[in-house]
Amino acid sequence: MTRSHGTLVGYWDRQAPTYDARMAGVEYRFLADSRGWVCGRARGATLEIAIGTGANLPHYPEEVDLTGIDWSPAMLHAARRQGDRVHRAVTLQQADATALPFPAESFDTVVATFALCCIPNERAALLEALRVLRPGGRLLLADHVAASFWPLRALQHAVDLVSVPLHGEHYTRRPATTLRGLGLTAEESQRLAMGAIERVHVRKP
Ligand SMILES: C[S@@+](CC[C@H](N)C(=O)[O-])C[C@H]1O[C@@H](n2cnc3c(N)ncnc32)[C@H](O)[C@@H]1O
């Protein structure tokens, strides 16, 4: 069973006010390092999909012209406050990552961090990201993925049985594999934390 669009947006709206505080430990240990890796590679007109509370905002180079989307109004509110706190200009818009309100080839870079794990249709979101990216543009991803260490991967499959129906969170996806299926190979990629975190840099042909 998968949850409806409206139910999931409501779920993320409820998470927003306390999300950063609850994630602080995980953020520090597992996520923060990948934010610098991903955002430091962004250039020019950049779109961040499923921006959440704006945890990436302090990590972008100053010259990047940044747009962020999320389907949750409460997450966008948190991202706006984070932008103010860190003095980072960002245009924020409510949108579904699988139906982006932008013309084809309108961005130099598209970023998604810890987002494809909970976007219901990961492949559709990647196709949309590629559509709005100009040829030669950079697709930069970081996410928790199916681990390379099999005991952890087995545990992730067990967690998926609960987390997917409950709030649409997937622990065993692998966006790099989905991208390969779309004919794209990573220019750079790294796996950390027993292979459970992966960051990928792909260029649109
Ligand atoms: C785990 S949070 C991650 C937020 C942020 N990217 C980060 O790195 O901290 C996932 C975010 O994805 C958003 N989201 C999930 N599915 C979405 C969709 N189809 N379109 C837009 N946003 C979506 C949620 O509202 C939430 O803000």
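A cavity is a set of grid points where a 1.4 Å probe fits but cannot get out, and its lining residues have an atom within 4 Å of a point. In this predicted model, the count comes to 1 cavity of 30 Å³ or more. The largest cavity has a volume of about 30 Å³. Its lining consists of Leu 141, Ala 142, Asp 143, Val 145, Pro 175, Glu 198 and Val 200. Two elements, strand S5 (133-144) and strand S7 (197-203), each give two or more residues to this lining. Strand S5 gives the most, with 3 residues. By class, the lining of the largest cavity holds 5 nonpolar and 2 charged residues, and no polar ones.

The ligand lies elsewhere in the description, with the pockets. The space taken by the ligand is the largest pocket. The volume of this pocket is about 1000 Å³. A total of 47 residues line the largest pocket. Nearest its centre lie Tyr 19, Met 23, Phe 114, His 144 and Glu 169. Helix H1, strand S2 (65-70) and helix H4 (150-167) each supply at least two residues of the lining. Of the elements, H1 gives the most to the lining of the largest pocket, with 13 residues. The lining divides by class into 30 nonpolar, 9 polar and 8 charged residues.

Around the ligand itself, the shell comprises 18 residues. The closest are Arg 35, Ala 50, Asp 70, Ala 97 and Thr 113. By class, this shell has 11 nonpolar, 3 polar and 4 charged residues. Helix H1, which spans residues 5-39, gives the most to the shell, with 3 residues.

At Ala 50, a polar backbone atom is 2.7 Å from a nitrogen atom of the ligand. At Ala 97, a polar backbone atom is 2.8 Å from a ligand nitrogen atom. Asp 96 contributes through its side chain, where an N or O atom is 3.0 Å from a nitrogen atom of the ligand. The protein covers 98% of the 600 Å² of accessible area that the ligand has on its own.

The second largest pocket contains about 200 Å³ of space. Part of its lining is the run Ala 16, Pro 17, Thr 18, Tyr 19, Asp 20 and Ala 21. The lining also takes in Thr 53, Ala 74, His 77, Ala 78, Arg 81 and Arg 85. Helix H1 and helix H2 (73-86) each supply at least two residues of this lining. H1 gives the most, with 6 residues. By class, the residues lining the second largest pocket divide into 6 nonpolar, 3 polar and 3 charged.

In the largest cavity, by contrast, strand S5 gives the most to the lining.

Key
Residues numbered from 1 in each chain as written. Predicted model: local features only at pLDDT ≥ 70, side-chain atom pairs only at ≥ 80, totals over all residues. Heavy atoms only, no water. Near = heavy atom within 4 Å. Polar contact = N/O pair within 3.5 Å; in protein donor to acceptor, adjacent residues only side chain to side chain. Areas by Shrake-Rupley, 256 points an atom, 1.4 Å probe, with all protein chains shown as cover. 1 Å grid on protein atoms, 1.4 Å probe; cavity = no way out; pocket = protein on both sides within 12 Å on 5 of 7 lines; lining within 4 Å. Sits in = over half its atoms within 2 Å of the grid points. Helix = DSSP H or I, 4+ residues; strand = E, 2+ residues; numbered from the N terminus. Nonpolar A, V, L, I, M, F, W, Y, C, P; charged D, E, K, R; others polar. Points joined across faces, edges and corners; volume = space filled by probe spheres on them.
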